[in-house]
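Student: I have a protein chain to look at and would like to go through it with you. Could we take it one question at a time?

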Amino acid sequence: QVQLVESGGGLVQAGGSLSLSCVGFGRTFSTYAMGWFRQAPGKEREFLGATIKSGSSTYYADSVKGRFTISRDNAKNTVYLQMNSLKPEDTALYYCARGLASWYGEYDYWGQGTQVTVSS
């Protein structure tokens, strides 16, 4: 059984920073790519970025490139999303997910999400 638990969300002013964490419970965390997504009310879920299983490569959506950074610590079964220069349009529910076969394919397990609210 795989369980992903996000934390670190909250309320921040525009221009501020937040760091999200996602802990994976299961013995195979280090063998999967991990991705971050978000969904704002009334909008479709948006891919933000992902890291391969070793963490040596990361990929980002254009909307967050240069502001968000993904990293992982396989010894702690944790993947991180560092968010800088936050904007009100970054307000959303943020999810981590496990890549089934790769970072660019299907994601099979999802966390419950953590809310990020950016005030103007």
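Tutor: Gladly! Let us begin with a term: a residue is buried when its relative accessible area is under 20%, exposed when it is over 50%, and partly exposed in between. Keep in mind that this is a predicted model.

Student: Is cysteine 22 buried or exposed?
Tutor: The cut-off for buried is under 20% relative accessible area. Cysteine 22 has a relative accessibility of 0%, so cysteine 22 is buried.

Student: Which cysteine does cysteine 22 join in a disulfide?
Tutor: A disulfide is a covalent bond between the sulfur atoms of two cysteines. To count here, the two sulfur atoms must lie within 2.5 Å. From S to S the distance is 1.9 Å, and the partner of cysteine 22 is cysteine 96.

Student: How many residues apart in sequence are the parts that this pair ties together?
Tutor: Cysteine 22 belongs to strand β3, residues 18–25. Cysteine 96 belongs to strand β9, residues 92–99, so the parts tied together are apart in sequence by 74 residues.

Student: What is the relative accessible area of cysteine 96?
Tutor: Cysteine 96 counts as buried, and buried means under 20%. Its relative accessible area is 0%.

Student: Which hand does the link of cysteine 22 and cysteine 96 have?
Tutor: Look at the angle about the S-S bond, which is 60°. With that angle, the link of cysteine 22 and cysteine 96 is right-handed.

Student: Now for charges. How many salt bridges are there?
Tutor: Side chains of opposite charge can pair when their charged atoms come close. The cut-off for a salt bridge is a nitrogen of Lys or Arg within 4 Å of a carboxyl oxygen of Asp or Glu. By this rule, the count is five.

Student: What is the N to O distance between lysine 65 and aspartate 62?
Tutor: Aspartate 62 is exposed, at 66% relative accessibility. The side chains of lysine 65 and aspartate 62 meet in a salt bridge, and from N to O the distance is 3.2 Å.

Student: Where does aspartate 90, the salt-bridge partner of arginine 67, lie?
Tutor: The side chains of arginine 67 and aspartate 90 meet at 2.7 Å, N to O. Arginine 67 is in the loop between β6 (58–60) and β7 (68–73), and the pair ties together parts that are 23 residues apart in sequence. Aspartate 90 lies in the loop between β8 (78–83) and β9.

Student: Which residues do salt bridges that share partners join into one network?
Tutor: Arginine 67 is buried at 12%, and aspartate 90 is buried at 1%. Through shared partners, one network joins Arg38, Glu46, Arg67 and Asp90.

Student: What is the phi of serine 85, roughly?
Tutor: Most residues other than glycine have a negative phi. Serine 85, in the loop between β8 and β9, is not a glycine, yet its phi is positive, at about 50°.

Student: Which residues does serine 102 contact, leaving aside neighbours within four places in sequence?
Tutor: Serine 102 sits in the loop between β9 and β10 (107–110). At 16% relative accessibility, serine 102 is buried. With those neighbours left aside, its contacts are Ala33 and Tyr107.

Methods
Residues are numbered from 1 along each chain as its sequence is written. This is a predicted model: local features need pLDDT of at least 70, side-chain atom pairs count only at pLDDT 80 or more; totals for chains, interfaces and linings use all residues. Side-chain values use heavy atoms; hydrogens and water are left out. Helices (H or I, at least four residues) and strands (E, at least two) are DSSP runs, numbered from the N terminus. Buried means under 20% relative accessible area, exposed over 50%, partly exposed in between (1.4 Å probe, protein chains only). Contact means heavy atoms within 4.5 Å.
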